[in-house]
Amino acid sequence: MLDGEQPVVLPAEELLQPTTQTSPLWVRLSRGLEGAIASGALPPGARLENEVSMSERLSLSRPTVRRAIQELVDKGLLVRRRGVGTQVVHGSVARQIDLTSLHDDLQRSGRVPSTRVLDVTFARVGSEIADQLGVDPTSRVLKIRRVRYADAVPIAVLENYLPETFADITAERLAEVGLYHELRDRGVTLRVARQRIGARRASVDEGLLLDIGRGAPVLTMDRTAYDADGAAVEYGHHCYRPDLYGFEMTLVDR
């Protein structure tokens with residue numbers, strides 16, 4: 001569903017299905033909305049009517065409607081988007097712990113990836129990033145910062161650092177393809193990576209870019225990728241929305 005399309009309005013009897021006689025109204029509404037999402041009556045990407053309209057149409061107070069919607073936001077079924085409203089989540093992306101790019105992962109999962117390139121510049125970095133890339137701390141490296149979208153919803157802020165040999169990578173190219181795609185086109189073969197996954201709170205900037213607000217939880221991934229000769233090709237420092245993104249791995253008993 002496109003952002004400009006009209007919200008999906010469901011009948012009151014469909015949204016306020018009885019649960020128990022003692023169930024609060026916000027629970028009844030939350031269950032009704034959740035059922036509509038499960039049945040497809042509210043399909044992925046569908047936009048809900050605003051809280052004022054819903055409360056008036058269903059003869060409910062705004063706090064009741066707000067609490068019901070927040071319940072589903074907390075469950076990861078709905079997402080609030082600034083300037084758009086409340087939408088049904090398209091489904092979270094579960095990423096295998098493999099040496100792949102987010103762009104490729106989204107395409108494989110049937111999602112439509114898009115990219116907003118924030119910055120492509122040369123920067124002098126501290127010793128930590130220089131060590132990851134195996135370069136002198138006084139040398140310049142290429143710094144790339146992007147927001148990655150899945151079906152027009154922001155899911156990740158990506159920061160990548162590459163040696164100066166990749167200085168001719170352009171913002172225009174990165175808006176079209178993933179970074180690893182661009183490296184493959186240049187004949188680079190990525191063989192192995194060292195990766196660390198964690199969690200923290202979003203900064204003000206990240207909260208705005210991901211439309212989640214300052215201090216909201218984010219997943220993080222730090223990765224250094226190496227080519228077939230064992231040389232570091234890129235270091236990435238990324239953060240992801242946990243309601244729309246996760247990591248999957250297979251564990252084997254040895």
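1. Let me start with a strand pair. Strand β8 (residues 217–227) and strand β9 (residues 232–240) run antiparallel and are joined by eight bridges. Strands here (E, at least two residues) and helices (H or I, at least four) are DSSP runs numbered from the N terminus, and two strands pair if DSSP finds at least two bridges between them. Within this pairing, M221 has H238 of β9 as its bridge partner.

2. A word on the model before going on. This is a predicted model, in which local features need pLDDT of at least 70 and side-chain atom pairs count only at pLDDT 80 or more, while totals for chains, interfaces and linings use all residues. Residues are numbered from 1 along each chain as its sequence is written, and side-chain values use heavy atoms, with hydrogens and water left out.

3. For the overall picture, the protein chain has nine helices and ten strands. Of its 254 residues, 47% count as buried, where buried means under 20% relative accessible area, exposed over 50% and partly exposed in between (1.4 Å probe, protein chains only). Contact means heavy atoms within 4.5 Å; among contacts between residues at least 6 apart in sequence, 62% join residues at least 24 apart.

4. Back to the sheet. Strands β8 and β9 belong to an open sheet of six strands, ordered β4-β5-β6-β9-β8-β7, with antiparallel pairing. The edges are β4 and β7 (190–201), each with a single partner strand, so one side of each is left without a neighbour in the sheet. On average, neighbouring strands of this sheet are turned by 15° against each other, direction ignored; the axes behind such angles are lines fitted to C-alpha atoms, for helices over the stretch in contact, and angles run from 0 to 180 degrees between N-to-C directions.

5. V218 is buried, with a relative accessible area of 2%. Setting aside residues up to four places away in sequence, V218 touches G198, A199, R200, R201, A202, L210, I212, C239, Y240 and P242. The C-alpha atoms of V218 and S203 are separated by 9.6 Å, the two residues being 15 apart along the chain.

6. Strand β5 (residues 140–150) is mostly covered, with nine of its eleven residues buried. Eleven bridges join β5 to strand β4 (residues 113–124), and the two run antiparallel; in this pair, D119 stands opposite R145. Strand β6 (residues 153–162) is joined to β5 by nine bridges, again antiparallel, and here Y149 stands opposite P154. The hairpin of β5 and β6 has two residues between the strands, and D151 takes a positive phi near 55°.

7. T115, in strand β4, deserves a look too. T115 is buried, at 15% relative accessible area. A polar contact of 2.9 Å joins its side chain to that of R148. The term covers a pair of N or O atoms within 3.5 Å; within protein, one must be able to donate a hydrogen and the other to accept it, and residues adjacent in sequence count only if both atoms are side-chain atoms. Beyond its neighbours within four places in sequence, T115 is in contact with R146, V147, R148, L174 and A175.

8. Turning to the helices, α3 (residues 51–58) has E51, M54, S55 and L58 buried. They cover an arc of only 95° around the axis, which puts them on the same side of α3; the arc is that of the directions from the helix axis to the C-beta atoms. Their cover includes α1 (12–15), α2 (25–39), α4 (62–74) and β1 (78–81). At the N-terminal end, N50 caps α3, with a side-chain oxygen 3.1 Å from the backbone nitrogen of V52. Just after α3, S59 takes a positive phi of about 55°.

9. Helices α3 and α4 also pack on each other: E51, V52, M54 and S55 in α3 meet R62, V65, R66 and I69 in α4. Their axes come within 9 Å and cross at roughly 115°.

10. Strand β1 and strand β2 (residues 85–88) run antiparallel, joined by four bridges, with L78 opposite V88. Three residues lie between these strands, and G83 takes a positive phi near 85° in this hairpin.
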